[in-house]
Protein chains: 2
Amino acid sequence: MISNHYTQAGVDIGAADTLKKDIARLARVTLRPEVLAGPGLFGGMFELKGFTQPVLVSSMDGVGTKLKLAVTLDRLDTVGIDIVNHSVNDILTCGATPLFFLDYIAMGHLKPEAVREIVKGLSSACQDVSCTLIGGETAEMPGLYAGSDFDLVGCIIGAVEKSEIINGQTITPGDIILGLPSSGLHTNGYSLVRRVLGEGIEDLGKYHPELGMTLGEALLIPHRSYLKELKSLLTLVKGMAHITGGGFPGNVPRVLPENTAARFDAKAWEIPPLFRLIESRGGIARDEMYRVFNMGIGIALIAAPDDAYRLKERLPEAMIIGEIVRLQGSDRVVFD
Amino acid sequence: MISNHYTQAGVDIGAADTLKKDIARLARVTLRPEVLAGPGLFGGMFELKGFTQPVLVSSMDGVGTKLKLAVTLDRLDTVGIDIVNHSVNDILTCGATPLFFLDYIAMGHLKPEAVREIVKGLSSACQDVSCTLIGGETAEMPGLYAGSDFDLVGCIIGAVEKSEIINGQTITPGDIILGLPSSGLHTNGYSLVRRVLGEGIEDLGKYHPELGMTLGEALLIPHRSYLKELKSLLTLVKGMAHITGGGFPGNVPRVLPENTAARFDAKAWEIPPLFRLIESRGGIARDEMYRVFNMGIGIALIAAPDDAYRLKERLPEAMIIGEIVRLQGSDRVVFD
């Protein structure tokens with residue numbers, strides 16, 4: 001349970017007590033009625049109710065090198081949102097809604113203020129999607145993490161009725177691909193961005209007119225979750241791809257049946273200025289951009305034509321960005 | 001799913017392909033029939049069957065600075081066992097048996113051979129307790145992890161029938177505390193050990209007659225899991241404490257009802273040579289030793305006297321190490 005978070009931190013007792021109370025308060029707002037109370041227990045307990053044939057869907061991931069930017073900019077309240085929303089989207093692609101979330105925060109020396117900011121982000125994102133922040137661990141590992149560096153890992157557990165699993169199996173040529181806009185880079189491509197645009201405080205603090213904000217602000221925009229918009233529309237969707245590391249070619253084929261490919265109309269949506277800035281500054285080929293970044297599309301939905309138009313009506317932001325075709329050759333993702 | 005492990009690693013394609021196949025093979029031996037096949041899906045899927053009122057019990061943790069020793073000794077096949085068994089014991093204290101496990105491995109630069117060794121340990125420990133290694137992530141984070149350093153995090157999900165939850169609520173004065181031996185330090189106290197005994201390869205390679213092995217070998221002995229021995233005996237147990245970080249005072253009170261305390265008979269078991277070595281070399285007070293280390297007891301079981309004797313009959317290694325008393329003063333853990 002949350003209450004055993006931070007008990008072994010190498011911080012002074014008073015600060016640790018205050019931190020523990022703050023964490024407990026932040027976690028409490030995420031509590032769902034299924035959570036069985038039990039302060040101090042060794043495992044978080046969640047009663048699974050209301051499912052006929054429950055299938056548990058889980059995902060574990062980190063924030064990656066976006067963390068480094070957050071440390072440089074001393075802005076730690078967004079990375080928790082990143083990892084929660086990233087995880088929520090991952091299990092959403094199977095049709096699952098979140099039940100609970102666990103976090104792991106590791107630092108060289110525990111800084112209560114930093115932990116508090118990180119947990120604030122975790123808590124607000126969890127609350128936003130009715131997911132309980134049920135447990136976690138904060139590890140102090142001197143000699144492994146230098147200076148203000150830390151790592152942040154999350155594990156989400158959700159559930160879906162067996163009959164409502166979304167797995168792309170019924171996708172056929174002629175199906176339509178819809179895209180929903182990303183909020184920014186989400187959590188991928190940051191190692192490349194840091195090389196191309198610099199990672200110093202001067203680079204990050206520079207105002208870019210085309211972004212309408214500083215580079216640092218644009219890069220730290222949190223990963224967006226698509227659960228709320230899509231929750232009531234999942235029966236219309238045959239397959240979903242969360243556009244994360246690996247971009248379009250790395251993620252879309254994961255839900256495609258054999259002998260099908262995804263053909264995208266590259267002109268169907270405008271590539272946001274941040275991606276164009278990275279592309280031009282880095283002299284990066286367009287193909288490579290699609291392999292690394294989401295290019296403005298955070299999630300792709302595949303549906304039969306009729307359902308695709310129904311989805312589009314209900315989702316004002318949705319754009320028709322491509323279609324499913326018969327596989328020809330070996331490219332499972334093609335851009336026109 | 002396991003199959004999206006390591007897809008974005010910065011290793012050459014051939015090595016990455018070989019690694020992916022090795023990982024898949026290692027994960028495959030842990031598959032339970034409840035896992036729904038779905039190569040490439042974004043979340044691991046596990047059908048929950050056979051429970052009337054299932055309560056999901058989860059725990060997330062890292063291995064801590066024991067990792068540093070493993071790196072120094074270039075012996076990476078045991079840390080996976082550590083994190084799995086640690087997690088299995090944590091949820092066992094609530095009466096839960098494991099369903100599935102997810103891992104996170106982060107390195108500065110991905111070394112396929114290192115990842116393979118780590119996953120070997122995860123897989124063998126999971127297989128040993130019928131827990132599916134259902135998913136995970138390997139992150140390459142240059143600039144965060146130096147040299148051969150890495151972090152390893154695990155999240156376990158288990159389940160227990162609501163009516164069979166173990167939470168210590170019925171514990172009363174007069175109940176007996178049984179202890180089961182630890183295999184070594186398990187996963188706690190390593191920062192202190194490294195300070196006291198040194199962390200150089202010479203220190204670790206030294207043979208200690210009282211240990212019957214080198215110091216490094218003794219320190220790397222994997223965390224032991226108690227699931228197999230206890231699985232069929234859980235109805236006899238009122239409360240359980242996994243003796244991890246915080247030692248006896250940090251863990252035993254977590255399962256005690258208000259107004260009760262645990263009185264241990266310090267002479268009831270022999271403190272293993274490794275702990276005595278640390279104590280004498282570091283000039284560490286006995287009290288402090290009990291606050292940091294397991295001192296030879298990996299898990300404490302609390303049961304009514306009749307049941308305690310039944311447990312002792314069925315568990316040849318179990319030792320009567322204390323009893324529950326009425327709380328007097330503020331010390332919830334007392335050593336006679």
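**Note on the interface of chain A and chain B**

1. Across the interface of chain A and chain B, the rule finds two salt bridges, a salt bridge being a side-chain nitrogen of Lys or Arg within 4 Å of a carboxyl oxygen of Asp or Glu. In one salt bridge, the side chains of A:Glu47 and B:Lys162 meet at 2.8 Å, N to O.

2. This is a predicted model, in which local features need pLDDT of at least 70 and side-chain atom pairs count only at pLDDT 80 or more, while totals for chains, interfaces and linings use all residues. Residues are numbered from 1 along each chain as its sequence is written, chains are lettered from A in the order in which they are written, and side-chain values use heavy atoms, with hydrogens and water left out.

3. As for extent, 63 residues of chain A are in contact with 64 residues of chain B, where contact means heavy atoms within 4.5 Å. The area buried between chain A and chain B is about 4,900 Å², and carbon and sulfur atoms give 63% of this area; buried area is the accessible area (1.4 Å probe) that two parts lose on being put together, summed over both.

4. Strand 1 of chain A pairs with strand 2 (residues 54-62) of chain B in the antiparallel sense, over four bridges, and the bridge partner of A:Phe46 in strand 2 of chain B is B:Leu56. Strands here are DSSP runs (E, at least two residues), numbered from the N terminus, and two strands pair if DSSP finds at least two bridges between them.
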